[in-house]
Structures are given as C-alpha cells and as structure tokens.
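Trainee: I would like to work through this structure slowly, one question at a time. Could we begin with the terms and then turn to the strands and loops?

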Amino acid sequence: MKRVLVTLALLLVGMQLSAQQGFKIGIQGGLPLGDFNDKVGVVVGLDVGYMWALGEVVDLGITAGYIHGFPEKFRAETVPSDLPSVQFLPVAGSVRIWPSNSFSFGADAGQALGISEDNDGGLYYRPIIGFLLGASTELNISYTGVNLDGTSWTTANLGILYTIQ
C-alpha cells in the first residue's frame, strides 16, 4: 500500500509539472523598438488569461492585458515636457507548444484596443518563448507588435507568469 501511495504522489507531481492548464497572471517589462523608440522610454504590462491543455504538448487559451509605455523623459538635444504615455488593452487567443516539460514556445494574436489619446489600437501579435522555473512559475521572453494606422508599436519584453491550477 505504501508503494502505491508513493507512486500516486509522484505521478500527481509529474502531471502538475507537465500540465499547464489553468488561470494565468503575469507581468512584463520591456523596451520599445522602431517607431516609438524616441517617444517611449520603458514599457510595463500585465496579462491575465486561461489555458486549456489539449494534451501534453499543446495548450490553447484566451488572454487579456494592459500595456503602458512610459514617455521618454530625456533626449540628447532637448528635454521634452509633454510626451504622452502610450496604452493598450490587448485581447487575444493563445497557443503554446511544449516540446519538453520545461520549455515552451507559442504566440498570442488578437486586437489591441488603444486607450491613450490619439491611439486607435490595431492588430496585436506576441510570439513568446517560456522556461519553467517551477511547477507554477514561468520566465518568458517575448516580442510585442501592434499594427497601427501608418506605424507599428513593437517592444522586446522579459516577463514572469504564474499559473493557478
């Protein structure tokens, strides 16, 4: 009986390490690239979502979040005083592929609603690479893009994600 209980306990721990289904909440920080590099100094974001495991390798889900680009405060030639913040509310579908128990890659795709002044938002995409740090914690590296009218919002990000199962 003792062996059966130990085997069941190990099996449950192993299932928890490989199954990534559940409610997720994450934070991220990043740097702007391209068109907004001179207007935004640093970017922070918050993500919430839910992932469903379709097996041991593929997860599908939904996610929503908040992205805030803080205005650049200093430039080489002048000190601007009234650069606005840039803010988005992304809503997207998510897919993650788990080739191993500790590594994933995937993407979020959907719509980013612009909530700052003169920001209509646009098509949102975010490729992600994740590394499990523990049973419920993931470190991820991502690239965020929003196709705006005539320009693009792009950032390189580093974040941490926590799964509540």
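Mentor: Let us start with a definition: two strands pair if DSSP finds at least two bridges between them. Please keep in mind that this is a predicted model. With that term in hand, we can say that β2 and β3 form a hairpin with 4 residues between them.

Trainee: Which residue stands opposite isoleucine 27 in β2?

Mentor: The strands β1 and β2 run antiparallel and are joined by 9 bridges. Their hairpin has 6 residues between the strands, and glycine 34 there takes a positive phi near 65 degrees. Across from isoleucine 27, the residue in β2 is leucine 46.

Trainee: What is the bridge partner of threonine 137 in β8?

Mentor: Strand β7, residues 137-147, runs antiparallel to β8, and 11 bridges join the two. They form a hairpin with 4 residues between them, where glycine 150 in the turn has a positive phi of about 85 degrees. β8 is also joined to β1 by 11 bridges, again in an antiparallel arrangement, with proline 32 opposite threonine 155. For threonine 137, the bridge partner in β8 is tyrosine 162.

Trainee: Does phenylalanine 36 count as buried or exposed, and why?

Mentor: Phenylalanine 36 lies in the loop between β1 and β2, and, leaving aside its neighbours within four places in sequence, it is in contact with Val86, Leu148, Thr151, Ser152 and Trp153. Because buried means under 20% relative accessible area, and phenylalanine 36 has 11% relative accessibility, it counts as buried.

Trainee: How far does the backbone nitrogen of glycine 121 lie from a polar atom of the side chain of asparagine 119?

Mentor: Asparagine 119 is found in the loop between β5 and β6, and at 10% relative accessibility it counts as buried. Not counting residues up to four places away in sequence, asparagine 119 touches Val86, Gln87, Phe88, Gly114 and Leu148. From a polar atom of the asparagine 119 side chain, the backbone nitrogen of glycine 121 lies at 3.0 Å.

Note on methods
Residues numbered from 1 in each chain as written. Predicted model: local features only at pLDDT ≥ 70, side-chain atom pairs only at ≥ 80, totals over all residues. Heavy atoms only, no water. Buried < 20%, exposed > 50% of the residue type's maximum accessible area, 1.4 Å probe, protein only. Contact = heavy atoms within 4.5 Å. Polar contact = N/O pair within 3.5 Å; in protein donor to acceptor, adjacent residues only side chain to side chain.
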